[in-house]
Amino acid sequence: MTLKNKKILIIIGGGIAAYKSLDLIRLLRKNNNEVKTILTKSGKEFVTPLSVTTLTNSKTFENIFDKDTEAEIDHISLSRWADLIIVMPTTANFMTKLSIGKAEDLATTVILASNKNILLVPAMNVRMWTHKATQNNVKNLKNYGYLFIGPEKGEMACGEYGEGKMSSPRQIFKYLENYFYKKNIVKINNLKALVTAGPTKEYLDPVRYISNDSSGKQGYEIALALKRFGVETTLITGPTNLIFQKEIKIKKIVSADEMFEEVKNTLPVDIAICAAAVSDFRPIRKNKNKLKKSQRKMKSIEWKENRDILDFVSKNNKYRPKLVVGFSAETKDLNKNAILKLKNKNCDLIIANDVSKKDTGFNSDYNSVQIIDNSGKVQTLKKNKKSFIANKIVETVLKKFFVNDRNFN
Ligand SMILES: Cc1cc2nc3c(=O)[nH]c(=O)nc-3n(C[C@H](O)[C@H](O)[C@H](O)COP(=O)(O)O)c2cc1C
């Protein structure tokens, strides 16, 4: 869980703990977040605009009637810019102003005009904090939807002990990590995925078929990982010996044709991961009864090409998922063939695995793969449990899905 690439607006109020806002600015900046600040008139008594500007590497905003930036309408643009607004320290006085909806200076006007979440970090003497007027304000502000962290119990600058001490910059940083992480979870929870797994069986007669050694484990582990991340997942699987957990929505099929139909019925989804080893061909004729030895004199089997499921999904005009991941099981020229498939099949990612090795790939609990991106980036995952590989694949998939979403990491 990392906190980076966020835009945080910090309003520094007029309390003795104001100097701690400088530490939070440093922490945020060190972790590649952008910070802008508004200093209230009283806040300026406790920290100087010079030190704030030096740490944020940006102008410190103070005045609502700033002739230099008035054209930008600061009280609107600052709020639009921010992912989150923090007031630290939030003084008793400031809470009163927010509670009655004042817009008397830049700080209060930005807040009143904002549709962003606002985190209040109160800091004050214990009696100020426990005063009924303050507590009424807190209740009121919580009802309005303001977020709170602290105050903590502890020794205060005034020498007294009790509730009113401001949460430390570290605690606030942790809170922010958690806050943005949960926002990501909400986004992930709204996603739908389909995963195909296992082999297909193409029957010649009721008992004989063409198939392959795919165990379905890797696809199943990917479906489990997606589910763990919170994605609503449907697994469409060929015949395997796996025992499936109930939490996963499973559609069992036998032939490539049936898999194609189930995939078609499961669309639209946001993410499709096609890990199944689908038979490219099926016998043109399937004998109704078991072929007798006498009938098996046939010299050759006539084949019909199966529908290409990955191709159908990734080139689908109406329902192409935002992200399509293919698998390329190869026995030679792994990279070359995988990249060719990635391009030909219009995939966003391709997972290349060498199935010629005995200890990984088909029918093994282990795998070693390369995740190849359509921008040419290659991530090599050395031999590891299929569950580990699945987790890494899903992490990469989600990062790619939210690649243009600055707030996702
Ligand atoms: C030395 C000093 C320390 C103060 N510390 C606090 C404080 O920790 N919390 C608080 O609520 N008010 C404190 N005050 C009172 C505020 O500075 C005062 O209410 C101010 O108007 C708040 O400004 P603001 O609304 O811009 O935050 C302090 C005042 C002084 C003189």
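The ligand is surrounded by 16 residues, the closest of which are G13, G14, G15, T40 and T91; a residue counts as near a molecule or strand if its C-beta atom, placed from the backbone, lies within 6 Å of it. The model is predicted: local features need pLDDT of at least 70, side-chain atom pairs count only at pLDDT 80 or more, and totals for chains, interfaces and linings use all residues. Residues are numbered from 1 along each chain as its sequence is written.

**Ligand shell**
- Helix α4 (residues 92–99) supplies the largest share of the shell around the ligand, 3 residues. Helices (H or I, at least four residues) and strands (E, at least two) are DSSP runs, numbered from the N terminus.
- The shell around the ligand comprises 8 nonpolar, 8 polar and no charged residues. In this classification Ala, Val, Leu, Ile, Met, Phe, Trp, Tyr, Cys and Pro count as nonpolar, Asp, Glu, Lys and Arg as charged, and the others, Gly among them, as polar.

**Domains**
- The chain is divided into domain 1 (7–186) and domain 2 (190–287 + 295–401), with bounds that come from an automatic or database domain assignment.
- Between the C-alpha centres of domain 1 and domain 2 the separation is 50 Å.

**Strands β1 and β2**
- Strand β1 (residues 7–12) runs parallel to β2, and 6 bridges join them; two strands pair if DSSP finds at least two bridges between them.
- I12 has L39 of β2 as its bridge partner.
- Of the 6 residues in strand β2 (residues 34–39), 5 are buried. A residue is buried if 20 or more other C-beta atoms lie within 10 Å of its own, exposed if 12 or fewer, and partly exposed in between, with C-beta atoms placed from the backbone.

**The eight-stranded sheet**
- An open sheet of 8 strands has the order β13-β12-β9-β14-β17-β18-β19-β20, with mixed pairing. Its edge strands, β13 (249–252) and β20 (378–385), each pair on one side only. From one strand to the next, the twist averages 15 degrees.
- Strands β18 (residues 349–354) and β19 (residues 366–373) run antiparallel and are joined by 5 bridges; the bridge partner of L349 in β19 is D373.
- Helix α10 (residues 256–266) lies across β9 (192–197), β12 (232–237) and β13, at about 165 degrees to β12. Axes are lines fitted to C-alpha atoms, for helices over the stretch in contact, and angles run from 0 to 180 degrees between N-to-C directions.

**K304**
- K304 lies in strand β16 (residues 303–305) and counts as exposed because it has 11 C-beta neighbours inside 10 Å.
- Not counting residues up to four places away in sequence, K304 touches F281, R282 and I284; contact requires C-beta atoms, placed from the backbone, within 7 Å.
- K304 and M156 are 148 residues apart in sequence and 81 Å apart in space, C-alpha to C-alpha.

**Backbone exceptions**
- Most residues other than glycine have a negative phi, and most peptide bonds are trans.
- M88 and P89 are joined by a cis peptide bond with omega about -10 degrees; P89 lies in strand β4 (residues 84–90).
- A further cis peptide bond runs from G150 to P151, with omega near 5 degrees; P151 is in the loop between β6 (147–148) and β7 (152–155).
- N5, in the segment before β1, has a positive phi near 60 degrees. N5 counts as partly exposed because it has 16 C-beta neighbours inside 10 Å.
- N32, in the loop between α1 (19–30) and β2, has a positive phi near 65 degrees. With 12 C-beta neighbours inside 10 Å, N32 counts as exposed.

Methods. Contact = placed C-beta atoms within 7 Å.
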